[in-house]
Amino acid sequence: MNAPVYDMLKSYVKNNPLPFHMPGHILGRGLIEELKNAGRLDITEIPGSDCLHYPEEALKDAQTLASKCFGADYSLFLVNGSTSGIHIMIRAIVKPGDKLIIGRDCHISVLNALALINAEPVFVRPKIDNENQIPLGASLEDMKKAVSENPDARGILITRPNYYGIAVSLKDIAKLAKEYGMALLVDEAHGAHFCFHPHFPAPSIQNGADLCVQSLHKTLPALTQTALLHGRNSGLNLQNQAQKLSSMIQTTSPSYIFMASIDAARALMEKEGRELYQKLWDNVRRFETELEKRTCIRRVKISFENYETDFSRIVLSFNNTSLSGYEAEEILRTRYGIVAEMADLYNLVLIATPFHAENDFDRLIEALEKISEDYRGKPKTINNVDFYDYIPRRAVPLHIAALYSEKREIPLNQSVGLVCGEAVIPYPPGIPVLNPGEEISTNVVEYLNGIIRLGCSVHGVKDGKISVLNI
Ligand SMILES: Cc1ncc(COP(=O)(O)O)c(C=O)c1O
């Protein structure tokens, strides 16, 4: 395995050094039992360990290897997840007062980044698959409209794939961005694995993105918080800016455990990824056949023109049972010990990886078979609430509303006509329904009441109260 950071750490501890340097646990000695082993690789900037903020040795080599593996011109290690990469991407192109065209289905970090810069989002509504009530992502047509109405916007940021593994085709959106001289930024937090098998959607950095971020920890064998920012020398010359911002935004003490984990995950998948994902493909196909044969639970298959899907994201619909997605999640977890990634009103989302064995899928099928027998065809206990895809009117600039306005808490039911103070985000899927500075409508209050009644956890609504601006 060619992993320069991991190799450097191993060779440092092999010589059994006596450290009088940070961190204070001294190569694991002071850590709790479970962390002692990992702590042996937890060092700081010392001679030979290189420095993420001025990489010249192992870290430079590891980042170069990552860029080659993922098909980028350059790659940067991130130790604070895609969240930090999103701040870097946006700051690389957006200045105070600028506009950025973004899908309404973006992660909260996108809004946070714009609020901090004092820039404004131009929202594009995601298309919805009405049959399954799943957001698909912004379409090319809607992007075209937003771009032609806002030719002064600095760029386009899309989330691709989304939580359900749906990835909008990128080529035409890339062409559109180029035509208007805009940068194309892609939040590919859920798609770090795409380059390792041809059955996955096309990786964005090889298909027109100027910058993209990927959370390695979400789908690859890497520790939580690890991510990569990839860039392309596409004429916008963002490399120096991205490098500088990465240094300004990230800690001056990046974890060598995290960085070794990025390095080792890349090395492993580069060598074995294709084969591992082929095995996963076979397991998922077998799972699908069994599911169809033995249960009334349906795997949701999205087959829309211009959208691709990630075969490792298993979205299950419980529409033929009496269960909501939330109820199915709870039953699967509490009765069968199987924990899904997330649930919504109708569906359950599971992330399958090459590190799931064949018998893990057997166990899943057995549990689903029992659930199917117990709840098949019984009347639904839920009242449907359609996916909320309206874009509220902006009443106060994002920056002012998010950071510099006085706020108060009032009952959600009394908030119609007022201006939202804190983002309101149903989890899952984590897509904001209201952002700071947006007007609260009757529609949105009804929607929030509906999903809360059905068991959805909504950040920004606490004990039935919501934050509004004091204006
Ligand atoms: C679409 C999307 N983008 C970005 C992020 C942030 O990623 P990270 O947790 O690696 O910071 C998430 C996290 O859930 C996400 O779902």
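Biologist: Which residues of helix 5 meet helix 4?

Modeller: This is a predicted model, in which local features need pLDDT of at least 70, side-chain atom pairs count only at pLDDT 80 or more, and totals for chains, interfaces and linings use all residues. Residues are numbered from 1 along each chain as its sequence is written, and side-chain values use heavy atoms, leaving out hydrogens and water. Helices (DSSP runs of H or I, at least four residues) and strands (E, at least two) are numbered from the N terminus. With contact meaning heavy atoms within 4.5 Å, Thr83, Ile86, His87, Ile90 and Arg91 in helix 4 meet Ser109, Val110, Asn112, Ala113, Leu114, Leu116 and Ile117.

Biologist: Is helix 4 parallel, perpendicular or oblique to helix 5?

Modeller: The axes (lines fitted to C-alpha atoms over the stretch in contact, with angles from 0 to 180 degrees between N-to-C directions) come within 9 Å and cross at roughly 45°. Angles under 35 degrees count as roughly parallel, over 145 as roughly antiparallel, 65 to 115 as roughly perpendicular and the rest as oblique. Helix 4 is therefore, relative to helix 5, oblique.

Biologist: Which strands are the edge strands of the sheet?

Modeller: Seven strands form an open, mixed sheet in the order 1-10-9-8-6-2-3. Strands pair if DSSP finds at least two bridges between them. Those pairing on one side only are strand 1 (74-78) and strand 3 (120-124).

Biologist: What is the bridge partner of isoleucine 102 in strand 3?

Modeller: Strand 2 (residues 99-103) and strand 3 run parallel, joined by five bridges. The partner of isoleucine 102 in strand 3 is phenylalanine 123.
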